[in-house]
Amino acid sequence: MEKLQAMASLKKSSPNVPFSQEFAQELLNTYGSPLYVYDGDRLRQTIEHITKAVSYPRTKFRFASVTNGNVALLQIFRSNGWGLHANTPGDVYLGLQAGFDASDIVYSGSNLHPAEMAQVLDWGVTTLNLDSLAQVQLCCEIFVNYKYPSLRLGLRLNLPGITDNNRIGVYPIEFAEAIALTRGVGLKVSGLHFYRGTGTNATAAFTQVIDSVINVAQQLPDWEYLDFGGGFGYPYHHGGVAFDWQVFGAELTDRITRLGREIDLVIEPGRAAIAGCATLLAQVVSVKWQGDKQIVGVDTSVANLSVPSVYGGYREIVTWKQGGLHNSQFKTDICGNTTYSRDYLGKNCQLPALKIGDMIAILDVGAYGFAMSSHFLHRPKPAEILLENSTHRLIRQREDYTVLLANQVLK
Ligand SMILES: Cc1ncc(COP(=O)(O)O)c(C=O)c1O
(Lines give C-alpha, C1' and ligand atoms only; values in the text may rest on other atoms or scores of the structure.)
Protein backbone atom coordinates (compact mmCIF):
# COMPACT_ATOMS: atom_id res chain seq x y z
CA MET A 1 0.00 0.00 0.00
CA GLU A 2 1.50 3.33 -1.01
CA LYS A 3 2.10 5.85 1.74
CA LEU A 4 0.83 9.39 1.46
CA GLN A 5 2.75 12.10 3.24
CA ALA A 6 1.36 15.56 3.92
CA MET A 7 3.46 18.23 2.25
CA ALA A 8 5.47 20.93 3.95
CA SER A 9 5.08 24.40 2.48
CA LEU A 10 5.73 24.63 -1.23
CA LYS A 11 6.50 28.33 -0.87
CA LYS A 12 9.54 29.21 -2.93
CA SER A 13 12.25 31.67 -2.03
CA SER A 14 12.96 32.45 -5.69
CA PRO A 15 11.08 31.94 -8.96
CA ASN A 16 13.85 29.66 -10.27
CA VAL A 17 13.46 26.87 -7.74
CA PRO A 18 10.55 24.41 -8.03
CA PHE A 19 9.63 24.45 -4.31
CA SER A 20 10.95 25.61 -0.94
CA GLN A 21 14.28 24.49 0.49
CA GLU A 22 12.50 23.13 3.56
CA PHE A 23 10.29 20.98 1.36
CA ALA A 24 13.18 19.73 -0.80
CA GLN A 25 15.00 18.72 2.39
CA GLU A 26 11.90 16.95 3.68
CA LEU A 27 11.68 14.94 0.46
CA LEU A 28 15.33 13.89 0.59
CA ASN A 29 14.99 12.99 4.28
CA THR A 30 11.96 10.86 3.49
CA TYR A 31 13.00 9.17 0.25
CA GLY A 32 16.76 9.60 -0.02
CA SER A 33 18.88 11.18 -2.75
CA PRO A 34 18.95 11.40 -5.74
CA LEU A 35 15.21 11.66 -6.30
CA TYR A 36 12.89 12.22 -9.27
CA VAL A 37 10.04 14.49 -8.13
CA TYR A 38 6.92 14.90 -10.31
CA ASP A 39 4.45 17.73 -9.75
CA GLY A 40 1.02 16.27 -10.56
CA ASP A 41 -0.75 19.64 -10.52
CA ARG A 42 1.69 21.12 -12.98
CA LEU A 43 1.29 18.07 -15.23
CA ARG A 44 -2.50 18.46 -15.19
CA GLN A 45 -2.19 22.17 -16.05
CA THR A 46 0.04 21.38 -19.03
CA ILE A 47 -2.33 18.67 -20.26
CA GLU A 48 -5.21 21.15 -20.03
CA HIS A 49 -3.24 23.88 -21.81
CA ILE A 50 -2.40 21.59 -24.74
CA THR A 51 -5.88 20.06 -24.91
CA LYS A 52 -7.62 23.44 -25.02
CA ALA A 53 -5.29 24.75 -27.72
CA VAL A 54 -6.68 22.40 -30.38
CA SER A 55 -10.39 23.12 -30.72
CA TYR A 56 -11.03 20.79 -33.68
CA PRO A 57 -13.82 18.59 -32.26
CA ARG A 58 -12.61 15.22 -33.58
CA THR A 59 -9.21 15.49 -31.88
CA LYS A 60 -7.71 12.72 -29.74
CA PHE A 61 -4.54 13.28 -27.73
CA ARG A 62 -2.25 10.30 -27.25
CA PHE A 63 0.59 10.76 -24.76
CA ALA A 64 3.92 9.47 -26.14
CA SER A 65 5.04 7.22 -23.29
CA VAL A 66 8.48 6.76 -24.87
CA THR A 67 9.26 9.85 -22.80
CA ASN A 68 8.08 8.46 -19.47
CA GLY A 69 6.58 5.08 -18.66
CA ASN A 70 5.71 5.50 -14.99
CA VAL A 71 2.23 4.02 -14.62
CA ALA A 72 1.12 6.58 -12.00
CA LEU A 73 1.88 9.37 -14.49
CA LEU A 74 0.23 7.53 -17.37
CA GLN A 75 -2.89 7.33 -15.21
CA ILE A 76 -2.93 11.11 -14.94
CA PHE A 77 -3.07 11.33 -18.73
CA ARG A 78 -5.84 8.71 -18.80
CA SER A 79 -7.89 10.53 -16.18
CA ASN A 80 -7.60 13.69 -18.27
CA GLY A 81 -9.05 12.00 -21.33
CA TRP A 82 -5.85 11.32 -23.25
CA GLY A 83 -4.96 7.98 -24.79
CA LEU A 84 -1.47 6.64 -25.38
CA HIS A 85 0.99 6.63 -28.24
CA ALA A 86 3.11 3.47 -28.18
CA ASN A 87 6.48 3.44 -29.87
CA THR A 88 7.13 -0.18 -28.86
CA PRO A 89 5.21 -3.22 -27.60
CA GLY A 90 6.59 -2.33 -24.14
CA ASP A 91 4.75 1.00 -24.32
CA VAL A 92 1.53 -0.90 -25.09
CA TYR A 93 2.15 -3.23 -22.14
CA LEU A 94 2.68 -0.33 -19.72
CA GLY A 95 -0.36 1.48 -21.12
CA LEU A 96 -2.58 -1.55 -20.50
CA GLN A 97 -1.20 -1.80 -16.95
CA ALA A 98 -2.15 1.87 -16.47
CA GLY A 99 -5.73 1.00 -17.42
CA PHE A 100 -5.88 2.39 -20.94
CA ASP A 101 -8.35 0.66 -23.20
CA ALA A 102 -6.44 -0.94 -26.10
CA SER A 103 -8.61 1.08 -28.49
CA ASP A 104 -7.14 4.26 -26.96
CA ILE A 105 -3.59 3.16 -27.74
CA VAL A 106 -2.11 4.11 -31.10
CA TYR A 107 0.95 2.17 -32.19
CA SER A 108 3.28 4.35 -34.31
CA GLY A 109 6.56 2.51 -34.28
CA SER A 110 9.08 0.74 -36.40
CA ASN A 111 10.71 -2.58 -37.20
CA LEU A 112 8.66 -5.17 -35.31
CA HIS A 113 9.39 -8.81 -35.90
CA PRO A 114 6.36 -11.07 -36.57
CA ALA A 115 5.84 -12.21 -32.96
CA GLU A 116 5.89 -8.60 -31.74
CA MET A 117 3.40 -7.44 -34.38
CA ALA A 118 1.11 -10.34 -33.45
CA GLN A 119 1.47 -9.42 -29.77
CA VAL A 120 0.46 -5.81 -30.38
CA LEU A 121 -2.63 -7.00 -32.29
CA ASP A 122 -3.43 -9.66 -29.66
CA TRP A 123 -3.39 -6.97 -27.00
CA GLY A 124 -6.23 -5.37 -28.96
CA VAL A 125 -4.52 -2.31 -30.44
CA THR A 126 -6.61 -1.29 -33.43
CA THR A 127 -4.75 1.72 -34.85
CA LEU A 128 -1.28 1.09 -36.24
CA ASN A 129 0.83 3.60 -38.13
CA LEU A 130 3.48 1.65 -40.04
CA ASP A 131 6.68 3.02 -41.44
CA SER A 132 7.64 0.70 -44.28
CA LEU A 133 6.02 -1.47 -46.94
CA ALA A 134 7.65 -4.49 -45.28
CA GLN A 135 5.83 -3.73 -42.00
CA VAL A 136 2.56 -3.21 -43.92
CA GLN A 137 3.02 -6.58 -45.57
CA LEU A 138 3.79 -8.25 -42.23
CA CYS A 139 0.70 -6.74 -40.64
CA CYS A 140 -1.44 -7.92 -43.57
CA GLU A 141 -0.06 -11.48 -43.28
CA ILE A 142 -0.86 -11.63 -39.57
CA PHE A 143 -4.27 -10.06 -40.12
CA VAL A 144 -5.20 -12.71 -42.72
CA ASN A 145 -4.39 -15.51 -40.30
CA TYR A 146 -6.14 -14.10 -37.24
CA LYS A 147 -8.73 -11.68 -38.70
CA TYR A 148 -8.63 -8.97 -36.09
CA PRO A 149 -11.78 -6.90 -36.26
CA SER A 150 -11.76 -3.17 -36.89
CA LEU A 151 -8.11 -2.54 -37.69
CA ARG A 152 -7.17 1.02 -38.75
CA LEU A 153 -3.90 1.19 -40.64
CA GLY A 154 -1.98 4.37 -41.25
CA LEU A 155 1.28 5.11 -43.04
CA ARG A 156 4.06 7.15 -41.50
CA LEU A 157 4.79 9.77 -44.15
CA ASN A 158 8.27 10.54 -45.38
CA LEU A 159 7.58 13.89 -47.01
CA PRO A 160 9.92 14.72 -49.89
CA GLY A 161 11.80 17.95 -49.26
CA ILE A 162 10.84 18.01 -45.56
CA THR A 163 11.64 14.73 -43.80
CA ASP A 164 13.34 12.75 -46.55
CA ASN A 165 16.71 12.59 -44.82
CA ASN A 166 14.89 10.57 -42.15
CA ARG A 167 15.19 6.78 -42.00
CA ILE A 168 11.54 6.46 -41.00
CA GLY A 169 8.46 6.56 -43.17
CA VAL A 170 6.94 5.73 -46.53
CA TYR A 171 7.21 8.03 -49.56
CA PRO A 172 3.97 9.03 -51.32
CA ILE A 173 5.21 7.15 -54.37
CA GLU A 174 4.94 3.95 -52.31
CA PHE A 175 1.29 4.54 -51.34
CA ALA A 176 -0.12 2.57 -54.30
CA GLU A 177 1.73 -0.54 -53.26
CA ALA A 178 0.64 -0.17 -49.63
CA ILE A 179 -2.97 0.24 -50.74
CA ALA A 180 -2.76 -2.85 -52.97
CA LEU A 181 -1.27 -4.91 -50.14
CA THR A 182 -3.97 -3.91 -47.67
CA ARG A 183 -6.88 -4.22 -50.10
CA GLY A 184 -5.64 -7.71 -50.93
CA VAL A 185 -6.58 -8.79 -47.39
CA GLY A 186 -9.67 -6.64 -46.96
CA LEU A 187 -7.96 -3.79 -45.07
CA LYS A 188 -7.74 -0.07 -45.85
CA VAL A 189 -5.02 2.52 -45.46
CA SER A 190 -7.16 5.00 -43.57
CA GLY A 191 -4.54 7.10 -41.82
CA LEU A 192 -1.58 9.33 -42.49
CA HIS A 193 0.97 9.87 -39.74
CA PHE A 194 3.43 12.74 -39.87
CA TYR A 195 6.25 13.54 -37.46
CA ARG A 196 7.81 16.91 -38.16
CA GLY A 197 11.03 16.52 -36.19
CA THR A 198 12.33 16.28 -32.70
CA GLY A 199 11.88 18.96 -30.08
CA THR A 200 11.28 21.87 -32.43
CA ASN A 201 10.25 25.09 -30.69
CA ALA A 202 9.75 26.91 -33.99
CA THR A 203 5.95 26.73 -34.33
CA ALA A 204 6.18 27.74 -37.99
CA ALA A 205 8.14 24.56 -38.76
CA PHE A 206 4.89 22.74 -38.00
CA THR A 207 2.30 25.16 -39.34
CA GLN A 208 4.12 25.64 -42.66
CA VAL A 209 3.83 21.97 -43.56
CA ILE A 210 0.16 21.42 -42.66
CA ASP A 211 -1.04 22.05 -46.21
CA SER A 212 1.57 19.77 -47.75
CA VAL A 213 0.69 16.96 -45.35
CA ILE A 214 -3.05 17.36 -46.00
CA ASN A 215 -2.47 17.40 -49.76
CA VAL A 216 -0.56 14.14 -49.55
CA ALA A 217 -3.20 12.61 -47.26
CA GLN A 218 -5.85 13.30 -49.88
CA GLN A 219 -4.01 10.94 -52.21
CA LEU A 220 -5.22 8.11 -49.96
CA PRO A 221 -8.65 7.08 -51.27
CA ASP A 222 -9.80 5.77 -47.87
CA TRP A 223 -8.32 8.58 -45.78
CA GLU A 224 -10.10 8.91 -42.40
CA TYR A 225 -7.53 10.19 -39.92
CA LEU A 226 -4.48 12.42 -39.66
CA ASP A 227 -1.93 11.74 -36.92
CA PHE A 228 0.31 14.78 -36.54
CA GLY A 229 2.78 12.99 -34.29
CA GLY A 230 4.92 14.49 -31.59
CA GLY A 231 8.19 16.39 -31.78
CA PHE A 232 6.64 19.56 -30.32
CA GLY A 233 9.34 21.45 -28.46
CA TYR A 234 9.73 22.35 -24.82
CA PRO A 235 11.64 25.52 -23.75
CA TYR A 236 14.48 23.94 -21.74
CA HIS A 237 16.29 27.28 -21.94
CA HIS A 238 14.00 29.28 -19.68
CA GLY A 239 13.01 32.57 -21.26
CA GLY A 240 13.85 31.13 -24.70
CA VAL A 241 11.46 30.48 -27.59
CA ALA A 242 8.58 28.17 -26.68
CA PHE A 243 6.38 26.11 -28.98
CA ASP A 244 3.11 28.03 -29.36
CA TRP A 245 0.24 25.57 -28.90
CA GLN A 246 -2.41 28.25 -29.48
CA VAL A 247 -1.06 29.17 -32.91
CA PHE A 248 -0.47 25.56 -33.89
CA GLY A 249 -3.92 24.45 -32.66
CA ALA A 250 -5.72 27.30 -34.39
CA GLU A 251 -3.98 26.79 -37.74
CA LEU A 252 -4.41 23.02 -37.72
CA THR A 253 -8.09 23.36 -36.77
CA ASP A 254 -8.64 25.92 -39.51
CA ARG A 255 -7.00 23.82 -42.23
CA ILE A 256 -8.80 20.60 -41.33
CA THR A 257 -12.16 22.31 -40.93
CA ARG A 258 -11.79 23.87 -44.37
CA LEU A 259 -11.41 20.41 -45.88
CA GLY A 260 -15.14 19.97 -45.58
CA ARG A 261 -14.90 16.30 -44.65
CA GLU A 262 -14.98 14.50 -41.31
CA ILE A 263 -11.39 13.61 -40.54
CA ASP A 264 -10.23 12.35 -37.15
CA LEU A 265 -7.17 14.12 -35.78
CA VAL A 266 -4.61 12.42 -33.53
CA ILE A 267 -1.81 14.30 -31.74
CA GLU A 268 0.95 12.52 -29.83
CA PRO A 269 2.83 15.01 -27.63
CA GLY A 270 5.68 13.60 -25.60
CA ARG A 271 8.16 15.98 -24.04
CA ALA A 272 5.93 19.03 -24.51
CA ALA A 273 3.43 17.47 -22.11
CA ILE A 274 5.65 16.04 -19.43
CA ALA A 275 9.13 17.61 -19.45
CA GLY A 276 8.33 20.57 -17.21
CA CYS A 277 6.63 18.74 -14.35
CA ALA A 278 9.71 16.99 -12.98
CA THR A 279 12.86 17.81 -11.04
CA LEU A 280 15.83 15.61 -10.18
CA LEU A 281 16.97 16.47 -6.66
CA ALA A 282 20.55 15.65 -5.68
CA GLN A 283 23.08 16.52 -3.02
CA VAL A 284 26.56 17.94 -3.22
CA VAL A 285 29.18 15.43 -2.07
CA SER A 286 32.39 17.20 -3.06
CA VAL A 287 33.57 20.68 -4.07
CA LYS A 288 36.93 21.72 -5.47
CA TRP A 289 38.20 24.73 -7.34
CA GLN A 290 40.21 24.84 -10.52
CA GLY A 291 41.23 28.49 -10.76
CA ASP A 292 38.00 30.47 -10.64
CA LYS A 293 35.90 27.49 -11.68
CA GLN A 294 33.94 25.46 -9.18
CA ILE A 295 33.91 21.67 -9.70
CA VAL A 296 30.92 20.29 -7.84
CA GLY A 297 30.44 16.55 -7.39
CA VAL A 298 26.86 15.37 -6.80
CA ASP A 299 25.33 12.05 -5.79
CA THR A 300 23.73 11.36 -9.18
CA SER A 301 25.20 10.65 -12.62
CA VAL A 302 24.46 10.66 -16.33
CA ALA A 303 23.25 7.08 -15.91
CA ASN A 304 20.32 8.56 -13.91
CA LEU A 305 19.80 11.40 -16.41
CA SER A 306 21.54 10.68 -19.67
CA VAL A 307 20.30 13.45 -21.99
CA PRO A 308 23.19 15.85 -21.16
CA SER A 309 25.79 13.23 -22.09
CA VAL A 310 23.96 11.51 -24.96
CA TYR A 311 22.71 14.62 -26.82
CA GLY A 312 24.55 17.39 -25.06
CA GLY A 313 21.00 18.43 -24.03
CA TYR A 314 20.71 21.37 -21.63
CA ARG A 315 18.80 21.08 -18.35
CA GLU A 316 18.80 24.09 -16.04
CA ILE A 317 20.39 23.46 -12.64
CA VAL A 318 19.40 25.60 -9.64
CA THR A 319 20.11 25.65 -5.93
CA TRP A 320 18.50 27.19 -2.85
CA LYS A 321 21.81 28.48 -1.60
CA GLN A 322 22.18 32.26 -1.63
CA GLY A 323 25.41 33.68 -3.02
CA GLY A 324 27.71 35.50 -0.59
CA LEU A 325 28.44 39.21 -0.72
CA HIS A 326 26.70 40.72 -3.82
CA ASN A 327 25.12 37.31 -4.43
CA SER A 328 28.26 36.15 -6.30
CA GLN A 329 27.89 33.41 -8.88
CA PHE A 330 30.73 31.28 -10.21
CA LYS A 331 31.30 29.30 -13.31
CA THR A 332 30.46 25.76 -12.17
CA ASP A 333 30.59 22.25 -13.60
CA ILE A 334 28.14 19.84 -12.00
CA CYS A 335 29.78 16.42 -12.17
CA GLY A 336 28.36 12.95 -11.56
CA ASN A 337 29.60 10.43 -9.03
CA THR A 338 31.81 8.41 -11.40
CA THR A 339 35.04 9.00 -13.32
CA TYR A 340 33.31 8.45 -16.68
CA SER A 341 34.68 11.22 -18.88
CA ARG A 342 31.20 12.42 -19.95
CA ASP A 343 29.73 12.38 -16.46
CA TYR A 344 28.64 16.04 -16.47
CA LEU A 345 25.07 16.99 -15.54
CA GLY A 346 25.81 20.61 -16.36
CA LYS A 347 28.81 22.52 -17.70
CA ASN A 348 29.61 26.18 -17.14
CA CYS A 349 26.53 26.81 -14.99
CA GLN A 350 26.41 30.04 -12.98
CA LEU A 351 25.92 29.06 -9.32
CA PRO A 352 26.88 30.39 -5.90
CA ALA A 353 29.76 28.76 -4.00
CA LEU A 354 28.41 25.40 -2.87
CA LYS A 355 29.43 23.14 -0.04
CA ILE A 356 29.01 19.49 0.83
CA GLY A 357 25.40 18.72 1.80
CA ASP A 358 23.83 21.52 -0.29
CA MET A 359 20.98 20.48 -2.56
CA ILE A 360 20.72 21.07 -6.27
CA ALA A 361 17.66 20.71 -8.49
CA ILE A 362 17.96 19.69 -12.14
CA LEU A 363 14.84 21.05 -13.82
CA ASP A 364 12.55 19.82 -16.60
CA VAL A 365 13.56 16.17 -16.42
CA GLY A 366 10.09 14.64 -16.92
CA ALA A 367 10.75 13.54 -20.51
CA TYR A 368 13.54 11.16 -21.49
CA GLY A 369 14.77 11.40 -17.87
CA PHE A 370 14.05 8.26 -15.88
CA ALA A 371 12.94 6.62 -19.14
CA MET A 372 16.51 6.83 -20.48
CA SER A 373 18.23 5.98 -17.21
CA SER A 374 20.32 2.82 -17.21
CA HIS A 375 22.56 0.62 -15.13
CA PHE A 376 25.62 1.85 -16.97
CA LEU A 377 28.21 2.65 -14.31
CA HIS A 378 26.52 0.09 -12.06
CA ARG A 379 24.59 2.38 -9.84
CA PRO A 380 21.03 1.47 -8.83
CA LYS A 381 18.35 3.82 -10.18
CA PRO A 382 16.73 6.59 -8.05
CA ALA A 383 13.23 6.55 -6.60
CA GLU A 384 10.39 8.53 -8.19
CA ILE A 385 7.73 10.39 -6.21
CA LEU A 386 4.55 12.26 -7.10
CA LEU A 387 3.28 15.47 -5.48
CA GLU A 388 -0.48 15.61 -5.62
CA ASN A 389 -3.32 17.13 -3.56
CA SER A 390 -0.91 18.47 -0.94
CA THR A 391 0.68 15.05 -0.41
CA HIS A 392 3.70 13.20 -1.72
CA ARG A 393 3.94 9.51 -2.43
CA LEU A 394 6.39 7.01 -3.81
CA ILE A 395 5.65 5.92 -7.37
CA ARG A 396 8.83 3.90 -7.96
CA GLN A 397 11.05 2.28 -5.35
CA ARG A 398 14.72 3.18 -5.19
CA GLU A 399 16.76 0.25 -6.44
CA ASP A 400 19.43 -1.46 -4.38
CA TYR A 401 22.53 -3.31 -5.51
CA THR A 402 20.68 -6.60 -6.04
CA VAL A 403 19.31 -5.16 -9.28
CA LEU A 404 22.82 -5.39 -10.71
CA LEU A 405 22.61 -9.17 -10.46
CA ALA A 406 19.11 -9.47 -11.94
CA ASN A 407 19.06 -12.07 -14.73
CA GLN A 408 22.74 -12.86 -14.35
CA VAL A 409 23.25 -16.60 -14.28
CA LEU A 410 25.46 -17.43 -11.29
CA LYS A 411 27.17 -20.79 -10.94
C1 LIG B 1 5.85 8.63 -33.57
C2 LIG B 1 6.23 9.43 -32.38
N3 LIG B 1 5.31 10.23 -31.79
C4 LIG B 1 5.64 10.97 -30.70
C5 LIG B 1 6.91 10.94 -30.15
C6 LIG B 1 7.22 11.82 -28.98
O7 LIG B 1 8.15 12.75 -29.35
P8 LIG B 1 8.35 14.14 -28.55
O9 LIG B 1 8.78 13.82 -27.19
O10 LIG B 1 9.42 14.81 -29.34
O11 LIG B 1 7.04 14.85 -28.62
C12 LIG B 1 7.90 10.11 -30.73
C13 LIG B 1 9.25 10.03 -30.18
O14 LIG B 1 10.08 9.22 -30.54
C15 LIG B 1 7.54 9.35 -31.88
O16 LIG B 1 8.44 8.58 -32.49
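These legends describe close-up views of a predicted model.

**View 1. A closed barrel of 8 strands.** The order is β3-β4-β5-β6-β7-β8-β9-β10, and the pairing is parallel. From one strand to the next, the twist averages 25°.

**View 2. β4 beside β5.** Strand β5 covers residues 105–108. It runs parallel to β4, and 3 bridges join the two.

**View 3. From β5 to β6.** These two strands pair in the parallel sense, over 3 bridges. V106 stands opposite T127 in β6.

**View 4. From β6 to β7.** Strand β7 (residues 152–156) runs parallel to β6, with 4 bridges between them. T127 stands opposite R152 in β7. The chain passes from β6 through helix α6 (residues 133–146) to β7, in a right-handed crossover.

**View 5. The two faces of β6.** In a regular strand, side chains alternate between the two faces of the sheet. In β6 (residues 127–130), T127 and N129 lie on one side. L128 and L130 lie on the other. All four are buried, so both faces are covered.

**View 6. T88 in its loop.** T88 sits between β4 (83–86) and α4 (89–97). T88 is partly exposed because 18 other C-beta atoms lie within 10 Å, whereas a buried residue has 20 or more. V120 is 32 residues away along the chain, yet the C-alpha atoms of T88 and V120 are separated by 8.9 Å.

**View 7. The shell around the ligand.** Of its 19 residues, A64, S108, G230, G270 and R271 come nearest. By class, the shell has 7 nonpolar, 10 polar and 2 charged residues.

Technical notes
Residues numbered from 1 in each chain as written. Predicted model: local features only at pLDDT ≥ 70, side-chain atom pairs only at ≥ 80, totals over all residues. Near = placed C-beta within 6 Å. Nonpolar A, V, L, I, M, F, W, Y, C, P; charged D, E, K, R; others polar. Buried ≥ 20, exposed ≤ 12 C-beta atoms within 10 Å, placed from the backbone. Pairing = 2+ DSSP bridges. Axes fitted to C-alpha atoms, helices over the stretch in contact; angles between N-to-C directions. Right-handed = clockwise from strand over helix to strand, strands pointing away.
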